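User: I am new to reading protein structures. Please take me through one, feature by feature.

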Amino acid sequence: MNKKKILIVSRSFYPMNTPRAFRTTELVKEFARQGHEVTLLTVKDDELHVPFEKEHGVTIKDLGDLKLKPIDSQKGGKVGRLVRKVLRRGLLQAFEYPDIQLAYLVKKALEEERGYDLLLTIATPHPIHWGTAWAWSEKDPIAKTWVADCGDPYMGSRLDTFNKWFYFKYFEKSFCRKADVITVPIEDAKSGYYPEFRDKIEVVPQGFNFDEVDINRQSSVDHTVPTFAYAGGLIPGGRDPRLFLEYITGLDRNYKFILYTRSRNLVEPFLEKGAGRIEIRDYIPRPELLRTLSKMDFLVNFENATSLQMPSKLIDYYLAGRPVLSVDGQKINKKSIDEFLEGDYSSAYSYNGVDRYRIENVCGQFLELQEREA
């Protein structure tokens, strides 16, 4: 395939520790490794990103300063925290605060960009797409092909407790109408978008560089008690651990369950009953996390309450090489849990078609879409 000129727009990028940041970072690195001319528009940190540019042969441009700051709902006393929590939720619902500022920053930055083969915009946050739609002109296009990559649906999201307010549908329909292709990570996610745009939707899964993971997947660590872990966010009614925690804290047996999460509020109520068997740890860099997970007896996946989204952590779990206990947060399987605690992993999560998650194959899919639409 001929060398392409590629522009990627994303708020989430190295060294951020999120699935969307991993996606952007791996795509930038792999497109460049394949010999394409890659430019990234993001919030640039010269100290970190200038060395990244030199190492990988890419160009990183700054979207500009983020003047609207997130509201810290944990600051102050009990009343103050409540007020901030209500204010944060209200501003998010009404204005998509503070990420709405990205729409203007992206629009302004894209006014200076032309002549690309592929424009790839990555959400979340979705104002990345909204700003691109604002800047996009059929008469003077930024690129031959615009692909809008979506991790989660926006208006059709089922993980948030609150529905999006009606007027945001006009922003979503604008980018869906203008983009040549909309990509989602799994087939079921298509139903999270308006029916009139589903013929534009293609499935391109999360991509990972399998060769960068320095783990002996055949190795094991002997633990005195069953030791297992979970890594990622937790969501009430979504990736919900409470039934699982309630069950295992009621067991008369020893174990160690380590959760790498910042969703402490869903776990802390079980710490006392867990009597030292449950431990909460903060996030750590992904390479370190994978090495740590590879030393566990098994790993836990809390399933989404909707089939519209699949946790990208499942591929990290695959790379870590440990059996996975997949838990339905609405109805746990006590028999499977007991079997895992006894070292019987016969009901472990079964992977299917892992090679499609290789970053070189994922980049190939995007390039095929560009060729098709150009």
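Analyst: Start with two terms. Two strands pair if DSSP finds at least two bridges between them. Helices (H or I, at least four residues) and strands (E, at least two) are DSSP runs, numbered from the N terminus. Now the case: strand β8 (residues 227-231) and strand β11 (residues 298-302) pair in the parallel sense over two bridges. Phe228 stands opposite Phe298 in β11.

User: What kind of model is this?

Analyst: It is a predicted model, where local features need pLDDT of at least 70, side-chain atom pairs count only at pLDDT 80 or more, and totals for chains, interfaces and linings use all residues. Residues are numbered from 1 along each chain as its sequence is written, and side-chain values use heavy atoms, with hydrogens and water left out.

User: Into which domains is the protein chain divided?

Analyst: Domain bounds come from an automatic or database domain assignment. Here they give domain 1 (5-209 + 358-372) and domain 2 (227-354). The centres of domain 1 and domain 2, taken over C-alpha atoms, are separated by 28 Å.

User: How do I read a sheet?

Analyst: Strands of a sheet pair through backbone hydrogen bonds, either parallel or antiparallel. Take the open sheet of five strands: its order is β10-β9-β8-β11-β12, with parallel pairing. β10 (278-281) and β12 (324-327) stand at the edges with a single partner strand each, so one side of each has no neighbour in the sheet.

User: What is the order of the seven strands in the other open sheet?

Analyst: The order is β3-β2-β1-β4-β5-β6-β7, and the pairing is parallel. At the edges stand β3 and β7 (201-203), each with a single partner strand, so one side of each is left without a neighbour in the sheet. Inside this order, five bridges join strand β1 (residues 5-10) to strand β4 (residues 116-123). Ile6 stands opposite Leu118 in β4.

User: Which unit do β2, helix α2 and β3 make?

Analyst: First, handedness. A crossover is right-handed if, with the strands pointing away from the viewer, the path from the first strand over the helix to the second runs clockwise. β2, helix α2 (residues 46-56) and β3 make a right-handed β-α-β unit. Four bridges join β2 (residues 37-42) to β3 (residues 59-62), which run parallel. Thr42 has Asp62 as its bridge partner in β3.

User: How do I describe two packed helices?

Analyst: Two packed helices are described by the angle between their axes and the distance between the axes. Axes are lines fitted to C-alpha atoms, for helices over the stretch in contact, and angles run from 0 to 180 degrees between N-to-C directions. Helix α5 (residues 127-135) and helix α6 (residues 168-178) pack at about 65 degrees, with their axes 9 Å apart. Contact means heavy atoms within 4.5 Å. Among the contact residues are His129 and Trp130 of α5 and Phe171 and Lys178 of α6.

User: Which helix lies across β8, β11 and β12?

Analyst: Helix α10 (residues 313-320) does, running at about 175 degrees to β11.

User: What should I look for in the backbone?

Analyst: Most residues other than glycine have a negative phi, and most peptide bonds are trans. Look for the exceptions. Glu96 has a phi near 55 degrees, a positive value in a residue other than glycine. Glu96 is found in the loop between α3 and α4.

User: Where is Pro98?

Analyst: Pro98 is in the loop between α3 (78-95) and α4 (101-110). A cis peptide bond joins Tyr97 and Pro98, with omega about 0 degrees. The peptide bond from Ala123 to Thr124 is cis too, with omega near 15 degrees. Thr124 lies in the loop between β4 and α5.
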